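Please examine the sequence and the structure shown below.

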Amino acid sequence: MDVSAGSPFHGALSLRRGERVAIALVACHDCDLLQRLGEVPEGAAAKCRRCGALLRKRPRNGMERTLALALASAVLFVVAQSFPFLSFEMKGNVTQTNVMTGIVDLYDQGKGEIAALVLLTIVLAPLAQIALLLYVLVPLRRNRVPWHLPHAFRLLRHVQNWSMMEVFLIGILVGITKLMGMASVVPGLAIWAFALLMLVLAGAVASFDPEAVWERLEEIR
Amino acid sequence: MSARPGTALAASCASCHDCGLLVQLSDPAAHGALCPRCGAALHERKPRSLERTWALVIAAAICYVPANLLPVMAVTSLGQTEADTIMSGVIYFLTHGSWPLAIIIFTASVFVPLMKLAILTFLLISVHRRSSWRPVERTRMYRLTEMIGRWSMVDIYVVTIMVALVRLGNLATIEAGAGAVFFGAVVVVTILAAESFDPRLIWDCSDARTT
């Protein structure tokens with residue numbers, strides 16, 4: 001991806017309160033420097049000239065790619081949740097788990113706080129990410145404006161921080177190694193679906209460009 | 001607050017926290033302006049950033065102590081119960097020869113939370129002292145804390161998986177311990193602390209110095 005820096009801004013602004021500043025001007029979210037941001041070409045990114053923060057990236061075919069990957073994520077999510085995750089065999093006893101049974105067991109042991117945290121980070125947050133991406137992008141593709149778009153956007157931004165599937169996969173790796181000594185652990189179908197989901201959803205998020213959505217919205221209106 | 005011309009603050013503008021649109025605020029003291037594009041409340045800086053971040057950093061530091069002292073899980077096998085703290089888990093992997101896993105767990109559960117707390121405390125103090133020392137590097141440190149915090153969740157997931165898999169009645173069971181609850185609290189609270197800190201405060205001080 002090409003990276004260009006914003007150019008310095010030295011002009012004076014004379015606008016009324018609440019009035020929007022021309023789109024070409026942005027302030028860095030990390031150091032507050034005002035800079036002119038020309039049209040960012042597809043496949044390129046712009047960084048703050050002072051602190052290097054990412055100001056804007058415009059992935060190639062961002063909308064289509066995000067939509068396709070979000071749809072694939074939805075399918076993988078269903079597979080990851082409904083098939084057995086791991087099976088564990090010890091002295092002839094076999095235990096099978098899927099993602100939800102671990103959460104339910106924690107709750108039954110009186111550790112509701114941890115159960116809630118795990119539920120949020122590996123089930124609810126990824127689900128909300130997929131649902132919100134589809135909620136925003138499907139209507140836009142059909143030239144309709146989704147209801148409460150700003151709210152959906154805000155929720156998407158907050159939810160992203162709490163979606164931690166990649167960390168969960170490392171946790172599985174460590175857990176399996178720990179149990180190897182006790183018994184045999186067999187990975188199930190869902191674990192592969194989960195790993196794939198992590199990659200596909202990360203791709204969907206990486207190719208999502210909120211600024212392009214706002215631009216599209218103005219075209220429709 | 002006097003800022004160097006060239007920042008949004010100096011031009012009495014604010015960029016929307018939610019959609020990034022740059023908006024003019026003619027009266028900087030006026031609150032309650034809304035973003036014309038997405039309707040979010042506009043602030044020049046995250047509101048009460050320093051107070052909030054301090055409160056969360058202190059809360060996380062307090063939870064960090066029981067998180068490391070109390071057992072994160074207890075393994076009952078054939079009538080014998082063995083409790084594991086975070087450090088004893090690391091030592092278990094070391095003595096069993098799987099040092100890569102020992103390093104992963106040590107980094108994720110001990111080093112990362114401590115480093116996050118240390119960096120945030122350092123940044124808070126540097127802003128209070130109106131330091132103009134290396135703002136670019138300090139901003140990078142902030143971005144690092146934002147990025148790595150989630151990796152501390154590894155230990156929580158290890159406990160979840162072990163609890164779910166080992167349910168063999170009298171043969172063996174694994175229970176999550178109180179340490180895991182405190183540890184989860186450390187992770188959540190440090191993530192919230194990093195979110196509430198405003199990196200632009202680092203630049204406000206050095207901008208004021210250079211004018």
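**A helix, a sheet and an interface**

Helix α1 of chain A covers residues 62-82, and its 21 residues should span 30 Å at 1.5 Å a residue, which agrees with the 30 Å between its end C-alpha atoms. The expected span is 1.5 Å times one less than the number of residues. Helices (H or I, at least four residues) and strands (E, at least two) are DSSP runs, numbered from the N terminus.

This is a predicted model, in which local features need pLDDT of at least 70 and side-chain atom pairs count only at pLDDT 80 or more, while totals for chains, interfaces and linings use all residues. Residues are numbered from 1 along each chain as its sequence is written, and chains are lettered from A and ligands numbered from 1 in the order in which they are written.

Among the buried residues of α1(A) are A:Leu69, A:Ser73 and A:Phe77; buried means that 20 or more other C-beta atoms, placed from the backbone, lie within 10 Å of the residue's own. The buried residues of α1(A) pack against elements including β6 (54-58) and α3 (112-141) of chain A.

Chain B holds an open sheet of 3 strands in the order β4-β3-β5, with antiparallel pairing. Strands β4 (80-84) and β5 (172-176) of chain B stand at the edges with a single partner each, so one side of each has no neighbour in the sheet. Two strands pair if DSSP finds at least two bridges between them; 5 bridges join β3 (residues 73-77) of chain B to β4(B). B:Thr76 stands opposite B:Thr81 in β4(B).

The contact between the chains takes 57 residues from chain B and 55 residues from chain A, where contact requires C-beta atoms, placed from the backbone, within 7 Å. The largest share of the chain B side, 10 residues, comes from α5(B).

Technical notes
Buried ≥ 20, exposed ≤ 12 C-beta atoms within 10 Å, placed from the backbone. Contact = placed C-beta atoms within 7 Å.
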